[in-house]
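Let's take a walk along a protein chain and see how it is put together. Have a look at the picture, then read on.

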Amino acid sequence: MCPEGTPAPQEEFWKQQEQKLLDQLKEQIRLQEISKLRDLAKLRCPKCGEMLDQEVFYEVPIERCPHCLGIWLDAGELELIAQREHSKESWLAKLWKNMTERRKKMDSGDSEAEIPMS
Ligand SMILES: [Zn+2]
């Protein structure tokens, strides 16, 4: 007979095996939930959840939300738009130029990198 509160060594082993299986199952369920959420979120507005419309802006494909009118850009697309818009000297081109010049100055060690927004 075992003293109360102290499980036999075999019992302890099976408990640990059970816990391992449970942890593995929980992890599988968690990964399935993440993949489901990703599928649901695909091509939807990150702000309101509406399906995004694809449009072309300065020859760059962008996603626009028809509900809240937000615009979603893929990596590198903002730079592309700013470059193409550059000749027109619009606010976006100015903003991008400004940010790039400020970053260059900061990279070269100039801590007083202040470029006025005009
Ligand atoms: Zn939206």
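This is a predicted model: local features need pLDDT of at least 70, side-chain atom pairs count only at pLDDT 80 or more; totals for chains, interfaces and linings use all residues.

## The overall layout

Starting at the N terminus, the elements of the chain follow the pattern α-β-β-β-α-α.

Now for the strands. Strands of a sheet pair through backbone hydrogen bonds, and they can do so in a parallel or an antiparallel way. Here, 3 strands make an open sheet with antiparallel pairing, in the order β1-β2-β3. At the edges sit β1 (53-57) and β3 (71-72), each of which pairs on one side only.

Zoom in on β1 and β2, where β2 covers residues 60-64: these two are joined in the antiparallel sense by 5 bridges. Within this pairing, Phe57 stands opposite Val60 in β2.

## Two leucines in loops

Which residue has a positive phi of about 60° without being a glycine? That's Leu43, found in the loop between α1 (9-41) and β1. Leu43 counts as exposed because it has 10 C-beta neighbours inside 10 Å, and the cut-off for exposed is 12 or fewer.

Leu69 isn't a glycine either, yet its phi is positive, at about 65°. You'll find Leu69 in the loop between β2 and β3. With 10 other C-beta atoms within 10 Å, Leu69 is exposed.

Methods
Residues are numbered from 1 along each chain as its sequence is written. Two strands pair if DSSP finds at least two bridges between them. Helices (H or I, at least four residues) and strands (E, at least two) are DSSP runs, numbered from the N terminus. A residue is buried if 20 or more other C-beta atoms lie within 10 Å of its own, exposed if 12 or fewer, and partly exposed in between; C-beta atoms are placed from the backbone.
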